[in-house]
Amino acid sequence: MSVFMTHARELHRIGPANNDRLSAVRVGLSVVVPGLFLIAIGRPELMMYAVFGALTGMYGRNESHQLRLRHQAQAALLLVGGLSIGTFLSVNHIHSWWLVLVATLFAGAGSFFCDAAKLRPVGPFFGILALGACASVPTSVPFTTAVLIGAASAAFSIVVGFAGWLRTRSWERGAVRDVPLLRGPLRQSALVHATRYVLAVSAAGVCGVLSGSGHPHWAMAAAAVPLAGADLPSRVHRGIHRIVGTFLGLGVVAVVLFPSPVSPLQYFPSHGPVVLAVIVMLCQFPTELFMARHYGWAMVFFTPVILLIAQLAAPMDPGVLVLERAVETFVGAVIGIAVAVVVQRRR
């Protein structure tokens with residue numbers, strides 16, 4: 001009973017603050033500026049590509065400017081790489097089982113890359129999410145345009161992350177990121193970690209396709225979430241946070257998209273895409289504010305970000321959108337937890 005209570009307290013405990021507001025401001029700016037540009041040119045439906053590129057700002061949050069510069073450049077490779085592969089699949093109408101295969105291979109390679117580069121946040125989750133989301137919506141612009149939007153947004157995030165150097169002008173000679181070579185036990189650990197991602201993402205993708213859902217990538221992304229934990233208890237906790245946080249976030253999405261007196265779309269019926277784009281930009285700040293302190297609360301705000309950019313790119317029935325997201329997230333997170341429990345490295 002005491003063990004159960006310990007885990008229960010851990011699930012709702014909010015970690016100590018660690019420069020979260022400054023990091024949230026950087027990520028918020030990285031999303032808002034490209035978002036406002038797309039609104040200004042009348043293309044808010046392209047927010048998906050800008051948002052995934054802007055997630056580069058989530059990396060290297062507490063490092064010095066020169067180290068953050070390198071860290072975010074590595075993260076941009078992961079994010080823009082996933083975005084580019086997903087857009088290529090969408091342009092060439094490659095879906096279903098091919099999407100599962102490509103996402104699985106990307107998850108394994110991305111896991112090894114993230115461990116080798118020691119990326120924080122841990123793991124290839126955001127790259128997997130970018131790949132699946134971009135592959136699952138029709139592309140309304142040429143392939144190169146979509147990739148350039150993502151790359152430009154990532155580059156702007158790097159500029160925002162480095163901008164503080166203009167104030168401090170501090171440069172540490174010889175400073176390098178503490179990234180040990182993957183040899184011996186570290187290499188074995190990275191291979192086991194990559195194996196977890198391959199098993200979890202492939203199993204979740206198969207379940208998503210067999211269920212007939214139009215969004216199997218949601219299950220694949222959810223399956224990757226628990227695997228970022230440092231140990232088995234933290235992996236289980238992240239999986240539970242993913243489920244509960246997503247369900248609460250779906251309540252926010254329902255308020256926005258379902259016809260009701262409290263929906264903001266009812267007050268601006270002729271500017272629906274702009275309203276959704278603004279909500280996406282507003283939700284990104286609290287997402288980053290809680291990301292390192294309580295993953296569940298971060299998901300409450302990140303869920304509307306992901307669903308609303310998908311709705312902007314390819315509108316669908318809100319009821320189906322919310323239901324499929326709930327089911328796919330639950331299935332994927334449970335599979336991720338199961339893989340984390342079964343596949344463990346020998347000590």
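Modeller: Quick definition before we chat: helices (H or I, at least four residues) and strands (E, at least two) are DSSP runs, numbered from the N terminus. This is a predicted model, where local features need pLDDT of at least 70, side-chain atom pairs count only at pLDDT 80 or more, and totals for chains, interfaces and linings use all residues. Residues are numbered from 1 along each chain as its sequence is written, and side-chain values use heavy atoms, with hydrogens and water left out.

Biologist: Okay, where is K118 found?

Modeller: K118 isn't a glycine, yet it has a positive phi of about 55 degrees. As for its place, K118 is in the loop between α5 and α6.

Biologist: Is K118 buried, partly exposed or exposed?

Modeller: Buried means under 20% relative accessible area, exposed means over 50%, and partly exposed is in between (1.4 Å probe, protein chains only). K118 has a relative accessible area of 27%, so K118 is partly exposed.

Biologist: And H93, buried or exposed?

Modeller: H93 lies in the loop between α4 (65-91) and α5. H93 also has a positive phi of about 55 degrees without being a glycine. Its relative accessibility is 65%, so H93 counts as exposed.

Biologist: Which residue does a cis peptide bond join to R120?

Modeller: Look in the loop between α5 (96-117) and α6 (125-135), which holds the residue you want, P121. Omega is about 10 degrees for the cis bond, and the partner of R120 is P121.

Biologist: Last one: what is the relative accessible area of L29?

Modeller: L29 is found in helix α2, and that helix spans residues 20-40. L29 is partly exposed because its relative accessible area is 42%.
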